[in-house]
Amino acid sequence: MKNHLKVLILLILIQNVIKAQTGLWLKIGAEKKITKKLELELNFQPRFNTIDWPASSYIGEAGLKYDLPKGFTIGLFYRYIKSLKNEQYQPYHRYYVDLSYKFKKASPIIIDYRLRFQQQFKDDDVGLVSDKNYWRNKLELAYKNKSKFEPFVSTDLFYKNGYAFDQVRYKAGMNYKITKNQSTEISILADDALNSSKATKWRVAVNWKIKL
């Protein structure tokens, strides 16, 4: 009964956000262990600024994650982005490095911290042009319990390299373990532009992940 109540509350929240003309982010991901400590990750994402066609961007992503000593993990990723600009899709290339650490001793709360440096290039007529470089600090709290549902909240703070903090992303959602090797995540995101009059952007994200 408790699990059904969690799903009902989440669906009500999503319904209210959708009514506010939010965006929709979809993601399909696969993970494959290469060695005991090395893992390959592949992702595909269509993203919509509104729940309508066409997609505002398409993203293909590939990367490697390696388990370091004492609970640390490092990841190196490449992301190819096709972003809709002036009714045409503009290609972008993004490279990023993640360093993360999970604090599991605070059970049943799992604390996950991730530091990311990302560098993005625009594929212009003259070649690759540097676009946006960011440092990102993300802190996530998840509630580990005996059910298949795992609720979580997170905050992701964006620092534009050489300038200032210009964005913060809030996220709340729930992971659901479908099978031993499959899981899904439904969440609500709010992107708040700092030091700006721009309105907060709301999005619903639905992710599906499989371990190969």
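This is a predicted model: local features need pLDDT of at least 70, side-chain atom pairs count only at pLDDT 80 or more; totals for chains, interfaces and linings use all residues.
The protein chain contains one helix and 11 strands. Along the sequence these elements follow the pattern α-β-β-β-β-β-β-β-β-β-β-β. Of the 212 residues in the protein chain, 33% count as buried. Among contacts with a separation of 6 or more, 41% come from residues 24 or more positions apart. The protein chain exposes about 13500 Å², and carbon and sulfur atoms supply 60% of that area.

On the surface, a nonpolar patch is formed by Tyr 66, Leu 68, Phe 72, Ile 74, Leu 76, Val 97 and Leu 99, which together have about 560 Å² of accessible area. Two elements give two or more residues to this patch, namely strand E4 (72-85) and strand E5 (88-103). E4 gives the most, with three residues. Why does Val 97 count as partly exposed? Val 97 has a relative accessibility of 37%, and this value falls between the 20% limit for buried residues and the 50% limit for exposed ones, so the label "partly exposed" applies.

Strand E5 also takes part in the charged side of the picture. A search of the whole structure finds 15 salt bridges. One of them joins Arg 116 to Asp 98, with the closest N and O atoms 2.7 Å apart. This pair links distant parts of the chain, as Arg 116 sits in strand E6 (residues 109-124) and Asp 98 in strand E5, 18 residues apart. Both partners are buried: Arg 116 has a relative accessible area of 9%, and Asp 98 has one of 11%.

Strand E8 leads on to its antiparallel partner. Strand E8 (residues 149-160) and strand E9 (residues 165-177) run antiparallel and are joined by 11 bridges. Within this pairing, Pro 151 stands opposite Met 174 in E9. Four residues lie between the strands of the hairpin of E8 and E9, where Gly 162 takes a positive phi near 85°.

The side chains of Glu 185 and Lys 171 meet at 3.0 Å, N to O. The pair again links distant parts of the chain: Glu 185 belongs to strand E10 (residues 182-193) and Lys 171 to strand E9, 14 residues apart. Glu 185 counts as buried at 13% relative accessibility. Lys 171, at 17%, counts as buried as well, because the term covers values under 20%.

Finally, which residues are linked in a network of salt bridges? The network consists of Glu 31, Glu 39, Glu 41, Lys 65, Lys 209 and Lys 211.

Note on methods:
Residues are numbered from 1 along each chain as its sequence is written. Side-chain values use heavy atoms; hydrogens and water are left out. Two strands pair if DSSP finds at least two bridges between them. Patches are made of residues with over 30% relative accessible area and no salt bridge: like charges are joined within 9 Å, nonpolar side chains (Val, Leu, Ile, Met, Phe, Trp, Tyr) within 5 Å. Accessible areas come from the Shrake-Rupley method with a 1.4 Å probe; for residues, only the protein chains shown count as cover. A salt bridge is a side-chain nitrogen of Lys or Arg within 4 Å of a carboxyl oxygen of Asp or Glu. Buried means under 20% relative accessible area, exposed over 50%, partly exposed in between (1.4 Å probe, protein chains only). Contact means heavy atoms within 4.5 Å.
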